[in-house]
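Please keep the viewer open while you read.

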Amino acid sequence: MQKHTDTVFSEKSLGQARDVRMLRRLYPFIHPYRLLLLVTVLLMICITAFELAIPYVTKIAIDNYIVPGHRQEDRQTEQAERYLKVDLSDPDVRDIVSAYPEKFRVSADTAKIGYKPLSELPPDTIARLRRPDMTGVSYAAVALLVIIFLNFAVNFIQVMMMEYIGQQVMHDLRMKLFSHIQTLCVRFFTHNPVGRLVTRVTNDIQNMHEMLTSVIIFVMKDIFLLAGITIVLFSIDWQLSLAAYVLFPFVFYVAAKFAGAAREAFRTLRIKIAEINSHFSETIGGMSVIQLFRQESANFDTFKRLNHEYFSAGMQQITVFAIFMPFIELVSSVVLAVVIFYGGGSLMAERITLGTLVVFISYLRMFFRPIRDIAEKYNITLNALSSAERIFLILGENDRLPEPASKERFNMPEKITSITLDHVTFSYVAEEPVLKDISLDIRGGETIAVVGPTGAGKTSLINLITRFYDPDEGAIRINGTDIRQFSISDVRSKIALVMQDPFLFSASIRENIFPDRPDIGEKEIESILENANCRQFINRLPHGIDTRLSEGGISLSSGQRQLISIARALAHDPELIIFDEATSYIDSETEQEIQTALMNLMQSRTAIIIAHRLSTARIADRIIVINHGRIIEAGTHDALIRQNGFYHRLYQLQG
Ligand code: TTP
Ligand code: MG
């Protein structure tokens with residue numbers, strides 16, 4: 001039998017998230033929404049186009065209407081001077097032109113006037129001459145408004161769709177994770193603390209959601225935007241673009257360095273918070289021990305150290321960002337300065353238009369925003385990737401007991417006639433067997449008591465019969481068939497287990513006793529409660545059987561919890577009863593109640609009773625004494641007493 005390797009999902013073993021592979025594993029969850037996702041990507045391309053259009057419309061407004069330049073035509077005659085061209089088909093314009101003949105140069109159906117003579121005209125005349133430009137500017141303004149409105153609308157739709165996809169994917173992932181965790185075997189849960197698993201299903205999924213909705217799609221948008229800006233700038237003026245982009249290799253170099261440092265800082269932070277978490281949950285779990293042994297201040301010192309380390313790690317991370325952000329700010333200013341210097345020169349040399357300079361400045365401002373954002377998103381991404389890694393580690397976890405293939409599966413017999421343990425050896429940890437070569441035959445209807453000192457392996461024996469674990473060697477047979485050849489669920493359907501420390505759910509007592517029988521009649525309930533000796537104390541509770549138990553059934557004593565657990569077993573009506581007696585102190589009255597309830601439960605059933613009190617053991621047909629994982633004595637109470645061995649000594653000790 002192979003030994004399972006212990007799978008412990010600690011923080012330290014993680015780290016270099018294999019980013020791309022992680023996304024590939026996420027893909028099956030995105031797959032059902034791929035069409036929707038495609039639409040959001042298309043919408044995002046629209047949004048990018050709108051954002052790119054805004055400065056471009058400004059450029060058109062400036063170059064065509066606000067500062068229209070017609071100068072080449074007059075180059076040969078005089079030094080370069082800018083002219084306004086007016087249309088003579090407009091009668092008002094014709095009147096103005098004839099009023100100032102010395103200022104205009106008329107040719108065919110247009111007239112030109114230099115900006116200098118134009119500025120000497122009365123304002124209302126200027127306004128009249130420039131009316132077509134004014135109209136153009138209005139069109140540009142309307143176009144801008146339309147673009148902005150469309151951008152807003154498309155943005156809204158895109159965000160809604162993206163969020164929808166994100167929520168859906170996380171919803172599915174959470175379901176998958178939950179149902180997967182439910183199938184894992186008990187061994188897995190002894191290795192993985194509750195807190196950690198809870199974090200997987202809640203926090204880690206949330207982290208991935210953030211990445212999905214705010215990173216992937218926005219990073220795509222950023223990339224589109226950066227590419228779009230680059231293309232537009234180079235097509236407008238490649239020389240000025242070159243000047244603007246000269247610093248970029250350097251920016252990318254620094255960004256890569258930053259990424260490395262940020263990842264390192266992030267990893268440390270992650271480890272530290274995990275340490276704080278586990279320390280905290282341990283403190284809460286062991287609060288009574290800590291308080292009893294007055295360990296508060298020592299415990300606090302440990303926390304103080306961890307907290308301080310976390311603080312330092314946080315500061316380190318902040319420092320990395322605090323350097324990167326202003327650095328990008330600085331570079332963007334330098335690039336702007338270069339553009340203003342070089343572009344300003346080009347403008348004065350009339351190599352480029354004012355609109356071109358303005359559009360360069362606006363685009364470059366837009367250009368640096370995504371770069372700065374990418375830094376922020378990098379953080380979210382790192383977070384999400386390590387969350388994803390841990391989620392997929394659990395999803396990849398297959399620590400289950402093997403189930404027989406349906407073809408080879410045996411049908412569970414209606415009646416249990418025998419339970420056989422055949423040379424069973426078992427260990428939780430390799431090379432440290434807790435059960436050694438146990439052989440035992442239990443006939444149907446027989447009551448067996450198992451006694452032995454603490455740690456002898458009694459509970460472990462039960463763990464094998466209920467198939468929480470499989471033996472390393474040997475076999476357990478029901479009616480001669482290895483229980484590994486039945487389906488686990490079939491085996492368990494025949495068994496009721498009253499645990500040493502019964503777990504009750506935070507639901508009403510009714511739901512705890514009859515979890516799968518909501519339509520059970522009052523009469524049957526009465527008889528089960530009566531047989532389980534629960535009637536009395538349940539009647540004393542504020543809402544009787546409908547009293548809700550707080551989490552873990554803390555509001556009941558351990559004796560009462562065992563009684564409820566016996567009622568649960570009775571309601572289940574099993575073939576085989578396994579009863580693990582509570583080790584905690586129970587007053588003799590409750591003990592008596594439990595014992596009679598147990599007798600009722602065992603009637604005409606096969607029963608294995610782990611007895612800590614020899615008075616309980618006495619009710620059995622046969623007593624098995626276990627010590628250090630071996631059966632050392634077996635027989636009836638009287639026979640064992642006569643044998644004068646281990647059992648006899650136990651008996652004397654308990655007086
Ligand atoms: P148990 O089988 O729990 O011993 P027990 O039930 O006889 O003891 P008690 O009377 O106190 O209830 O444990 C046997 C050994 O197996 C012991 O060394 C602890 C170890 N063990 C594990 O390692 N993992 C487990 O999940 C259990 C139940 C026990
Ligand atoms: Mg035990």
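## Around the ligands

Helix H14 (residues 458–465) gives the largest share of the shell around ligand 1, namely 4 residues. Helices here are DSSP runs of H or I with at least four residues, strands are runs of E with at least two, and both are numbered from the N terminus. Before going further, please note that this is a predicted model, in which local features need pLDDT of at least 70, side-chain atom pairs count only at pLDDT 80 or more, and totals for chains, interfaces and linings use all residues. Residues are numbered from 1 along each chain as its sequence is written, chains are lettered from A and ligands numbered from 1 in the order in which they are written, and side-chain values use heavy atoms, with hydrogens and water left out.

Which residues surround ligand 1? They are Tyr-428, Val-434, Thr-454, Gly-455, Ala-456, Gly-457, Lys-458, Thr-459, Ser-460, Asn-463, Gln-500 and His-612. A residue counts as near a molecule if one of its heavy atoms lies within 4 Å of it. By type, the shell splits into 3 nonpolar, 8 polar and 1 charged. In this scheme Ala, Val, Leu, Ile, Met, Phe, Trp, Tyr, Cys and Pro are nonpolar, Asp, Glu, Lys and Arg are charged, and the others, Gly among them, are polar.

| Residue | Protein atom | Distance to an oxygen atom of ligand 1 |
|---|---|---|
| Gly-457 | backbone N or O | 3.0 Å |
| Lys-458 | polar side-chain atom | 2.7 Å |
| Ser-460 | polar side-chain atom | 2.5 Å |

On its own, ligand 1 has 590 Å² of accessible area, and the protein covers 66% of that. Accessible areas come from the Shrake-Rupley method with a 1.4 Å probe.

Buried means under 20% relative accessible area, exposed over 50%, and partly exposed in between (1.4 Å probe, protein chains only).

## Domains and loops

The domain assignment, which comes from an automatic or database source, lists domain 1 (16–64 + 141–395), domain 2 (68–134) and domain 3 (407–654). Taken over C-alpha atoms, the centres of domain 1 and domain 3 are 54 Å apart.

Where does Glu-431 lie? Its place is the loop between strand S4 (418–427) and strand S5 (433–443). Glu-431 has a positive phi of about 70° although it is not a glycine, and Glu-431 counts as exposed because its relative accessibility is 75%. Asp-573 is also not a glycine and has a positive phi of about 50°. The loop between helix H19 (558–572) and strand S10 (576–580) holds Asp-573, which is exposed at 52% relative accessibility.

Note on methods. A polar contact is a pair of N or O atoms within 3.5 Å; within protein, one must be able to donate a hydrogen and the other to accept it, and residues adjacent in sequence count only if both atoms are side-chain atoms.
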